[in-house]
Amino acid sequence: MNKGKHDYDFRNRSYINSGSLTPTSNAEEIAPCLIDESWEIVAPISDSRLVRYFLGDLCNFLCDAFGICIRVRKVKDISEYIASPKKRIILCDESHTGLLAIKSDMASAFKIDITEDSVIIVGKTDRGTAQGVYYIEDKMKLRGEARLVLESSEHAPKFSPRMTHSGTELDTFPDNFLEAAAHAGMDAIIVYAGHPDTNLHGFPDPSPMWSDSNYGYCDFNNLVWRAEGYGLDVYIYSHILCDVYPDDAGSDEYYEASFGTLFKNCPGIKGIIFVGETFEFPSKDERTTGIRCQKRPAGDNRPSPGWFPCRDYPKLLSFVKKTINKYNPDADIVFWTYNWGWAPKEDRLKLINDLPKDISLLVTFDMWQYFEDENKNRYKIDDYSISFEGPSDVFISEAEEAKERGVRLYAMANTGGRTWDNGVVPYLPVPNQWQKRYEALCRACDNYALSGLMENHHYGWMPSFLTLFSKNAFDIGGIPNDEMLKQIARRDFGIEADKALKAWQLFSEGISKVLAVSVDQYGPYRCGPAYPLIFDRRKEDLDIPYVDWAWHKGGGIWNPIYPDKVLNNPRQTLFRYERVRTVADYFKRGLELLEDAVREAGGEYGSEISRQAAVARFIYCTYVTTANVIAWAIAKNMLVAKKAGNKIDYMDELYEAIGVSDRSIKGLADCMRKIASRETENVELALTCWAEDSLIGFEASMEYAFNDVVAKWKNSETQLSLKMLDEYIND
């Protein structure tokens with residue numbers, strides 16, 4: 001079944017490889033600028049590794065995509081070539097010419113002038129020139145031909161930084177990933193650090209913050225150097241212990257040994273990200289435990305400092321900032337308010353008001369928003385979700401405060417295309433919903449001076465058809481979002497583009513109906529069809545497969561035991577069950593269209609568009625699993641209650657929801673057997689997706705949460721549960 005595929009195959013891809021392109025319907029309108037082998041690329045002599053890279057990249061692109069071998073000329077004086085540009089692609093930055101001044105102050109900004117027989121790209125810096133090169137490559141990919149439409153315009157990102165974790169492996173950034181991130185318009189990568197010169201990927205840490213943390217050597221200077229060669233900065237995500245209060249004796253030496261040593265040894269690090277749960281300290285705020293969560297005293301119900309906007313966080317931040325600034329005065333100190341969105345508004349805003357002004361405030365865009373449906377069912381966004389495009393009320397309040405104080409504002413936006421709505425797919429193919437997120441972020445840029453994005457958390461980012469969609473949306477010179485989506489569909493599916501667009505619309509409508517509640521986001525949504533049907537087991541009884549080098553080993557960030565509270569609030573359970581079945585139906589209908597488009601477009605097994613269908617199919621399987629898990633939980637709890645003679649509220653509605661006509665113990669047991677059978681079939685369908693694309697089932701911090709090994713374990717747990725069911729009803 002796996003046709004030779006195996007885990008981690010995705011790492012062997014060239015993520016920017018164009019192959020031999022076929023003209024698409026985007027090429028129906030004639031583009032006057034035709035590039036052929038009579039042209040040459042001209043650039044100033046430079047020792048910049050980025051310049052060397054993008055010159056080679058453009059040459060390779062033209063050769064690989066169109067068989068065009070083009071000369072590169074490096075010159076001392078570019079001005080004479082700008083004056084006589086015929087049959088030339090001229091690449092330089094603003095320092096080489098005053099003829100094409102750029103208004104934007106963004107390093108990645110560029111100005112482009114395309115005539116029938118010339119292309120001139122002038123970057124604000126070499127990073128801008130590189131983005132200009134990727135821009136014309138993208139345009140030629142969209143058309144499937146070496147032609148360009150005439151254009152004279154300026155382009156610049158609306159947001160910088162655009163930061164990403166690695167999607168290929170935790171804290172590991174191979175060249176093919178760095179290339180892809182740069183081509184996607186991202187300008188920074190994020191790597192965890194628990195100590196100077198170490199990241200979190202490897203083997204057990206002898207002195208961890210979290211009990212299951214890992215410890216691995218990381219040459220940060222080399223990482224900074226490699227990233228610079230692709231036009232990328234490096235941010236540290238801190239897991240460094242802060243167990244000494246800033247006012248205590250020895251605090252200078254304590255923080256010098258960690259943050260000071262890190263930035264002294266590697267002054268090229270662009271910035272550092274602090275978030276409550278990994279930036280805890282012995283706060284003196286009496287509203288907290290005063291000690292980090294790993295050491296919290298039993299019976300103390302107050303939040304630990306990392307989960308509360310402590311009044312002395314500004315003191316810690318200022319102290320650490322001073323330590324870092326000794327070695328890097330311009331380091332971007334990023335403070336993230338993720339952990340206390342639940343807290344009273346006045347406490348959150350008081351903290352922001354007391355923070356140093358010369359830091360960056362990072363605010364999550366979508367979480368902590370509460371909703372009520374037409375039947376008065378209430379729920380909130382418990383963790384990252386694209387079901388709600390944002391911004392949340394929490395984001396708005398904190399963004400307004402940041403603007404009032406003149407504090408630089410960033411957003412955790414998940415615009416890399418992945419959220420906890422589905423934890424082990426490489427992206428969510430819901431472009432119409434992402435478009436709403438993009439547009440909301442751009443409005444936040446206008447309204448609150450939002451200037452930077454954290455594109456994902458540890459699940460990372462991987463390229464997809466969404467990559468160009470978001471890049472264009474965040475470009476001040478981009479085309480309308482709707483038009484870009486149509487061009488991407490025509491690029492990928494040709495004459496079947498309309499089917500793909502309709503499928504994406506159905507997926508987007510479906511995802512908007514997801515209930516992003518923790519019981520499912522930390523359950524089947526996070527691990528997909530790996531989620532087990534359990535009859536009577538504890539987490540410690542389960543032997544979930546994992547690899548030794550995973551940061552979050554089997555079940556580490558998902559709860560494999562579905563909470564047995566379905567009868568405590570049956571109305572809410574029925575609401576969630578109805579919704580997830582509705583979402584599954586949207587994906588089923590969209591999948592039928594998408595798979596038909598793949599077949600008609602000639603998409604072979606393992607091709608880009610066939611992998612797109614596999615991703616959508618796996619997401620559908622995840623929602624089927626979730627529906628089966630909820631139905632199993634309803635039936636099991638009703639069975640137990642019935643056997644014990646307990647009263648069941650909403651009994652008729654529960655029986656009807658799971659399709660039980662025989663309301664005896666035997667009838668409920670038969671229902672559970674049918675659910676188990678459906679789920680086993682669903683797991684087999686999900687396996688076809690993993691076999692086609694090894695990115696499916698993978699998440700950088702968990703490694704594989706779903707593959708053939710996990711599927712076998714899941715099915716064996718199902719059979720064990722059925723055996724326990726038989727024993728229970730026969731007891």
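Visitor: What should I know about the source before we start?
Guide: This is a predicted model: local features need pLDDT of at least 70, side-chain atom pairs count only at pLDDT 80 or more, and totals for chains, interfaces and linings use all residues. Residues are numbered from 1 along each chain as its sequence is written, and side-chain values use heavy atoms, with hydrogens and water left out.

Visitor: OK, the open sheet. What's the strand order?
Guide: The order is β3-β2-β4-β6-β5-β8, 6 strands with mixed pairing. Strands here are DSSP runs of E, at least two residues; helices are runs of H or I, at least four; both are numbered from the N terminus. Two strands pair if DSSP finds at least two bridges between them.

Visitor: Which are the edge strands?
Guide: β3 (71–75) and β8 (151–155), each pairing on one side only. The twist averages 15 degrees from one strand to the next.

Visitor: How does β4 pair with β6?
Guide: In the parallel sense, over 6 bridges. β4 covers residues 88–93 and β6 covers 118–123. R88 has S118 as its bridge partner in β6, and C92 has V122.

Visitor: And β2 with β4?
Guide: β2 (residues 40–44) runs parallel to β4, with 3 bridges joining them. E40 stands opposite R88 in β4.

Visitor: How many residues of β4 are buried?
Guide: 6 of its 6. Buried means under 20% relative accessible area, exposed over 50%, partly exposed in between (1.4 Å probe, protein chains only). R88, I90 and C92 point one way, while I89, L91 and D93 point the other way. In a regular strand the side chains alternate between the two faces of the sheet.

Visitor: Helices now. Which residues of α8 are buried?
Guide: D347, R348, L349, L351 and I352, in a helix spanning residues 345–354. The buried residues of α8 pack against α7 (313–325), β15 (332–336), β16 (360–364) and α9 (393–405). Contact means heavy atoms within 4.5 Å.

Visitor: At what angle do α10 and α13 cross?
Guide: Roughly 65 degrees, with the axes coming within 6 Å. Axes are lines fitted to C-alpha atoms, for helices over the stretch in contact, and angles run from 0 to 180 degrees between N-to-C directions.

Visitor: Who makes that contact?
Guide: P431, N432 and Q433 of α10, with W504, Q505, S508 and I511 of α13. They divide into 3 nonpolar, 4 polar and no charged. Ala, Val, Leu, Ile, Met, Phe, Trp, Tyr, Cys and Pro count as nonpolar, Asp, Glu, Lys and Arg as charged, and the others, Gly among them, as polar.

Visitor: What volume does the largest pocket have?
Guide: About 1400 Å³. On a 1 Å grid over the protein atoms alone, a pocket is an open set with protein on both sides within 12 Å along at least five of seven lines; a cavity is a set of points where a 1.4 Å probe fits but cannot get out; lining residues have an atom within 4 Å of a point. A volume is the space filled by probe spheres set on the points, which are joined across faces, edges and corners.

Visitor: What lines the pocket?
Guide: Of the 50 residues lining the largest pocket, N17, S18, R491, D492 and E608 are closest to its centre. The lining divides into 18 nonpolar, 18 polar and 14 charged.

Visitor: How many cavities are there of 30 Å³ or more?
Guide: 8. The largest cavity holds about 280 Å³. α3 gives the largest share of its lining, 5 residues.
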